[in-house]
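Please open the model in your viewer and keep the selection panel at hand. The stops below say what to select next and what is there.

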Amino acid sequence: MKEKLEAIKNEALKELKEAVNKAELEGLRVKYLGKKGELTQILKGMGGLSAEERPVIGKIANEVRDSLENFITEAAEKIKSVEKENKLKSEIIDISMPGKKQTIGHRHPIDLTLRSIEEIFINMGFTIEEGPEVEYDQYNFEMLNIPKNHPARGEQDTFYINDNIVLRTQTSPVQIRTMLNQKPPIKMISPGKVYRSDAVDATHSPIFYQVEGLVIDKGITFADLKGTLEMFIKKMFGEGMNTKFRPHHFPFTEPSAEMDATCFVCGGKGCRVCKGEGWMEILGCGMVHPQVLRNCGIDPEVYSGFAFGFGLDRMVMQKYGIDDIRQLYESDMRFLNQF
Ligand code: DAH
């Protein structure tokens with residue numbers, strides 16, 4: 001019996017020394033000390049021993065159990081600390097490794113140009129107004145003196161949402177919204193996207209930007225219009241710039257004009273961009289039509305005003321020497337990174 005206990009102890013210690021993880025250790029604990037374990041079986045069989053043998057063997061058996069238990073506890077501690085060390089090693093962070101570089105973006109050329117335009121007009125006392133891109137036919141056309149069968153509708157190929165709602169074809173409806181919501185004096189510009197169902201090519205995009213302007217007060221004349229727009233052009237493109245006005249027609253202004261400015265590519269000498277003219281067509285403008293004022297509840301006998309509108313994209317393209325409008329909307333990083 002005594003030899004058997006010794007043999008179990010030695011065998012168990014040998015196996016325990018080889019255990020490398022918690023599961024193996026637990027397996028051995030069950031094998032020797034568990035309910036059906038080898039040592040337990042022996043303790044159970046002690047009833048068959050003589051009265052003299054029993055305490056002796058019992059003592060040895062208890063010693064074997066204690067020493068195995070102690071060994072298991074110690075081994076468990078060791079395994080735990082080895083596992084912890086391994087975990088720390090595998091999670092090591094090399095702080096000397098170079099980091100991931102964050103690339104910082106920048107403003108789009110349209111936004112850059114728009115900001116300088118806004119700054120110029122804000123300095124002249126204008127406010128910035130906004131209107132929706134999904135607009136009532138009523139505001140986009142009707143109240144601007146463009147009734148259902150007017151030829152101007154044909155020129156602005158319109159995306160219709162339904163009979164009464166369109167994607168705005170121009171920023172001019174913001175004139176209507178502003179006059180309906182504010183009392184004169186009004187002095188505002190309104191930049192934003194407009195939509196026309198044009199086929200896409202180098203100079204046409206179904207989405208593009210316009211900037212609208214509106215000034216309403218007592219005693220506003222065409223001289224105010226000319227002075228304001230000339231000031232804008234000089235601030236935007238340089239003091240050497242000149243402007244000239246040609247008669248034109250817009251349904252919502254009377255009289256109406258188109259304004260040209262000195263070609264800012266060649267300075268007026270004539271080049272490829274201005275097709276040898278020395279001038280560039282910049283915008284449409286005019287004195288707000290009395291009927292448009294009346295449509296918005298403003299008495300044309302008391303108030304007068306001027307309005308203007310221009311396409312932003314062409315200005316951006318000329319400013320940066322971009323020859324294809326599609327590049328402004330394609331989000332190609334190779335193109336955008338240049339600005
Ligand atoms: N809305 C016109 C267009 O899209 C541009 C325009 C012309 C706006 C004359 C105006 C204006 O405010 O007075 O072609």
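**A tour of the sheet and its helices**

Begin by selecting helix H9, which lies across strands E7, E8 (253-262), E9 and E10 and runs at about 145° to E9; axes are lines fitted to C-alpha atoms, for helices over the stretch in contact, with angles from 0 to 180 degrees between N-to-C directions. Helices (H or I, at least four residues) and strands (E, at least two) are DSSP runs numbered from the N terminus. This is a predicted model, in which local features need pLDDT of at least 70 and side-chain atom pairs count only at pLDDT 80 or more, while totals for chains, interfaces and linings use all residues. Residues are numbered from 1 along each chain as its sequence is written, and side-chain values use heavy atoms, leaving out hydrogens and water.

Next, colour the open sheet of 7 strands, whose order is E1-E5-E6-E10-E9-E8-E7 with mixed pairing; two strands pair if DSSP finds at least two bridges between them. At its edges are E1 (127-128) and E7 (243-250), each pairing on one side only. Now select E6 with E10, which run antiparallel and are joined by 8 bridges, and find Gly213 opposite Phe308 in E10. Helix H8 (residues 173-181) packs on the sheet, touching E5 (186-195), E6 and E10 (contact means heavy atoms within 4.5 Å), and its direction makes about 140° with that of E5.

Finish at Gly321, which follows H11 and has a positive phi, near 65°.
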